[in-house]
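Thanks for coming, everyone. I'd like to walk you through a few places in this chain, so let's bring it up on the screen.

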Amino acid sequence: MDDQNKNLILATALSFIVILVWFVLFPPPEQVPADPNAVVSAETQGNLPTVSNTQAAASTAEATQAVADPAKDAPRITIETERLKGSISLLGGRIDELALKDYRETLDDGSPIVDLLAPTGSANPYYALYGWAPGAGLAFEQVPGPNTIWTATEGAKLSVGSPISMTWDNGAGLLFKRDIAVDEDFMFTVTQSVQNTAAGTVSLAPYGILARHGEPQGLKNFFILHEGVVAMADGELTETDYSDMPDFDVNPNEGARAEVTQVAEQGWIGFTDHFWMTTLIPAKGPFKSTAKYDDRRDIYQTEAVLPTQKLAPGATATVTSQLFAGAKEWETIREYQKGGVDRFIDSIDWGWFFFFTKPIFAVLHYLNAFIGNMGWAIIGLTFLIKLLLFPLAYKSNVSMAKMKALQPEMEKIKKNAGDDKQKLQQEMMAMYKKEKVNPASGCLPILVQIPIFFSLYKVIFVTLELRHAPWIGWIKDLSAPDPSSILNLFGLLSFAPPEAGSIFAIFSLGILPIILGISMWMQQKLNPAPTDPTQAMIFAWMPWVFMFMLGSFASGLVVYWIANNTITFTQQYLIMRSQGVKPDVFGNIKSSFKKKPKAE
């Protein structure tokens, strides 16, 4: 077996194995939960809420307990912006109806826009709720709860530049007010205030809740994508899948399965799905961040409980927080981060290779903005990656060309060494050293490309910007597999191809996967087929194995792979020619169709 073929087989097989191993052995790392009962340091203890954990937890538990029942008919305040539509219920002041006007469920004509939040009584309740946890001297009924009917100006409408106000008087000397504003994208600003007109001092702590009744519908349940709780606490990111929340330990203070983190300076907590997210963002300062699962009522919940406000008679307390509820648009989220939301860009699941995925997506984003088409932007990105790796590829291909030129000398050494493998190895190494050739250099470019391949796959699968992004003709969604199928002659026949998940779906190859297989096959034809039958068989099958394996991948990734193969083929051909080696591509193609003589 000559070393050039060894290297090519090793590199190709390694790529194949790593792709398979990636989908089997690389689950995301488990986050170590903070100890909710840990002792708070003396430096921060004075800044934490003074309402007891039990009181605050009881208050937030009562909130979801009450709204677990179907919502009563109550007046609503309309939400209407260029990008959002929905309403706020005056029953509890809940933001519980919200739809994203820029996004459709599918590419089909007449497809409904994406619904994000939904009220109790609907199929999948999901809402944001704000309130106050009562401290010493206050009962639950003396603070606004989930069934409190707030008062608002008749005909009030929440829009950009037009906030709304709600008020509630508890009849015992406390006047509560809530102002809600919304920007041109997906950020709500919620200002809660309370005025004490009673004769005594009272204590109470403001909180925000995001609650989902039941596990969300349509989860991808694919380990490369995080879906569930996402939280930032003093610069530390925590991700907890929905499926892991029922495994939380029961926290007696919270009255449910929960993980509690005491945030000292800044942070946020919420729920993230594939493309959409809701996040509670308190103002900078300490707060208690909680992820909770109520297994009795099957409610997933995140909470942010802020420090206790102690109100003397005549005093007023005001706290302001933010609520993100919308699409995970990179540019929008980055602007919110620039505006002060700590590391908000990390709410997008960049994965283990974040040092690759973040810059790859940034370049892809700017290329798309310049070109105006995400498919061509992927091809442009491929050119840039190949340009960056060109010095390495050049060195590797020069070495491979020299190896090819040394082929006659290698055959002589093999003939002279006979069955003496040690002598063969020594003479080969001596020749490599004399000619300054590295037989392993051919593997290096492929090894470097493996993390880049996975990073691009992560970017294409996870980021919203590729969702429903068209390229050319039949490719309407680069985040989905090629919809064409060889089984119906790419649409020439009237029947539909097998559905994804069908046993026949693997044979339903689209145009792009077939072009991918051909591009890999052509790349092999830069060199003659190995003389060893086993090697020859591996080489013959490898392009078509990859073709079937990548056939169900996102078409954007297949576009990258085709572009990468095409550029690599051109590079190798030109470099080999520059070194005096003339690849007989057409001759190698012809020989691959010739009938092999039977062994004697």
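Let's start at N170, which sits in the loop between β8 (164–169) and β9 (174–182); strands here are DSSP runs of E with at least two residues, helices are runs of H or I with at least four, and both are numbered from the N terminus. Keep in mind that this is a predicted model: local features need pLDDT of at least 70, side-chain atom pairs count only at pLDDT 80 or more, and totals for chains, interfaces and linings use all residues. Residues are numbered from 1 along each chain as its sequence is written, and side-chain values use heavy atoms, with hydrogens and water left out.

So, is N170 buried or exposed? N170 is buried because its relative accessible area is 14%, where buried means under 20%, exposed over 50% and partly exposed in between, with a 1.4 Å probe and protein chains only. Leaving aside residues up to four places away in sequence, N170 touches Q142 and F176, a contact being heavy atoms within 4.5 Å.

Next, a helix pair. The axes of α4 (residues 330–338) and α5 (residues 354–371) come within 12 Å and cross at roughly 115°; axes are lines fitted to C-alpha atoms over the stretch in contact, and angles run from 0 to 180 degrees between N-to-C directions. W330, E331 and R334 of α4 meet F361, A362, H365 and Y366 of α5.

Now for some backbone angles. Most residues other than glycine have a negative phi. R343, in the loop between α4 and α5, has a positive phi near 50°. R343 is partly exposed, at 33% relative accessible area. H468 also has a positive phi, about 60°, and lies in the loop between α10 and α11. At 22% relative accessibility, H468 is partly exposed.

That loop, between α10 (444–462) and α11 (511–524), also holds F507, which is partly exposed at 47%. F507 belongs to a nonpolar surface patch whose members include I486, L489, F495 and I506, with about 840 Å² of accessible area for the whole patch. Areas come from the Shrake-Rupley method with a 1.4 Å probe, and for residues only the protein chains shown count as cover.

To finish, the whole chain: 14 helices and 21 strands, with 50% of its 600 residues buried.

Key: Patches are made of residues with over 30% relative accessible area and no salt bridge: like charges are joined within 9 Å, nonpolar side chains (Val, Leu, Ile, Met, Phe, Trp, Tyr) within 5 Å. A salt bridge is a side-chain nitrogen of Lys or Arg within 4 Å of a carboxyl oxygen of Asp or Glu.
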